[in-house]
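Open the model in your viewer and get ready to select residues by number.

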Amino acid sequence: MKKGTLIALGAFAVLLVLVLATRERQVSVGVRKLELPKLDAAQVTALEFTGARGATLRKEGTGWIVADPGKPDTKYAADESLVTGVIDALGEVKNPEFITDRIERQADYELDDAKGLKLKVTHGGGPAVELVVGKASKNGGVYLRRAGSNDVFAHQGRLGWVVRKEVKEWRKRQIVALKAEELSQLVLRSKDGATVTLKAGSSPGEWSLAEGTQTPAGFRFSSQVAGQVAQQLAGLYAQDFLEGDAAADSATGLADAHDAVEAQLKDGKKVVVHLGRQPDAKEGSGAVAVRVDGDAQVYQLPQHAASQLRKRLLDFRDLRLFHFDPAKVTRLKLQSGGKAVVAVKEGEGWKVTEPRKLPDGFDFDPAQVNTQLSWLLALHGTRLIEGSVSDGQAGLASPSALVEVSVEGGPVQTLRLGKEVPGAPNGGKELYAKSSIDALTYAVGDDARARFAQGLDLFKRRPPPNFAGTGQMKGLESLPPEVRKQIEAQLRAAH
């Protein structure tokens, strides 16, 4: 063998040994890395953003505050979950792809002084972590470099979008910090002096009117509506913030008589939320000013959120038209347009007894009976009909539709639909309705009559939905057939 060949083989052997040794020791030779220390959220005391956007977040006491670096004395409560999100996102920066170390390329990735977002993390576990965050990279990532270094990396993760926020976007938007199950009492005070007091029961979501509350004749209280008020209060989040003259009570309507909600917690604490003036129609979709006792900040709520808290006694009326246990129903009758359908329970299933003979090819689905029972339980009147309207005037003496629900051990529950109610709000169509749940007359949407008019077709077996081409099965083609069938079955059940 030639001497040159032997030398080449020897050199190759030496290189092979070096490569294997490097792999064994897990050491990268000549590879650029961006490695960040592991951050303990409990030890992080500050996040400072400068450059493309400016914001200073610092831990004060048990919470966080945020300020504009140019106005450090003007501090606002910060959303701690956003701070935690940044810390967690930094922990996801592992082995990003090295792109370049050429300083003249930094502007291309928006990592230069002009466009780069500089982030400094102060923590008790060591020296500050300093990064420059650039523009978005391919596949939803972001370009990064360590402050003071020219090495540019592409990181695939959420860091880019969790750090790009203005000062206002870091602010805490939760108006009150409480949970619905922590409430023992709610007092709703209207600007006209009316008051409604609600008492929480022993079970979650159970509410009642305070003892001694005077109610109209036939009034049925809705614990469900009261629970919705409690949930709305616990989930109050600001749409925006008011500052300066715009936040003055004289500007928001809070200097005058206004609506308020007083929440008593089981631990004895009290939270009072004041609702400002409701914008009039010409103000469009204007927001409502909100202030909480003990909090100097004035918030803005969307009108629909504020309206959920502006409840009077009659807003707590239960408008349900049926009340039964579906498991105890033994017979269901629907009658519309002179035709009746009757389903009777036999054992654990259902059988149609009227019409006596089903049309040729009709595929009866017993499960549809339970579907109609659930729909009836959810049926509410849109409002109570005020004033005196006789059954004859309302068309209820000869109803356009009739429902009968026979319940084991109880009287037959009925619903009658009559004529159209004149002057329905918002240009809709409503019908007079009366059920056996009480002696009052209600309005219901015309969709109820349209539903009952389907008659026997309500109990027809529906073909399973075909998800092919809908996009819901996208990405599942590669799964085993048995797994794909299970997913399809779950999607059909959801529909």
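A cavity here is a set of points on a 1 Å grid over the protein atoms alone where a 1.4 Å probe fits but cannot get out, and lining residues have an atom within 4 Å of a point. Grid points are joined across faces, edges and corners, and a volume is the space filled by probe spheres set on the points. By this rule there are 2 cavities of 30 Å³ or more.

Before you click, note that this is a predicted model: local features need pLDDT of at least 70, side-chain atom pairs count only at pLDDT 80 or more, and totals for chains, interfaces and linings use all residues. Residues are numbered from 1 along each chain as its sequence is written, and side-chain values use heavy atoms, with hydrogens and water left out.

**First stop**

Select Leu188, Arg189, Ser190, Asp259, Ala260, Val261, Leu275, Leu309, Arg310 and Lys311: they line the largest cavity, which holds about 40 Å³ of space. Now colour strand 14 (259-265), a DSSP run of E with at least two residues, numbered from the N terminus. Strand 14 gives the largest share of this lining, 3 residues, and strand 10 (183-189) also supplies at least two.

**Second stop**

Next, select Leu334, Gln372, Trp375, Leu376, Arg451, Phe452 and Leu458, which line the second largest cavity. Its volume is about 30 Å³. Which helix provides the largest share of the lining here? Helix 8 does, with 3 residues; helices are DSSP runs of H or I with at least four residues. Show helix 10 (447-452) too, as it supplies at least two lining residues.

Terms used
On a 1 Å grid over the protein atoms alone, a cavity is a set of points where a 1.4 Å probe fits but cannot get out, and a pocket is an open set with protein on both sides within 12 Å along at least five of seven lines; lining residues have an atom within 4 Å of a point.
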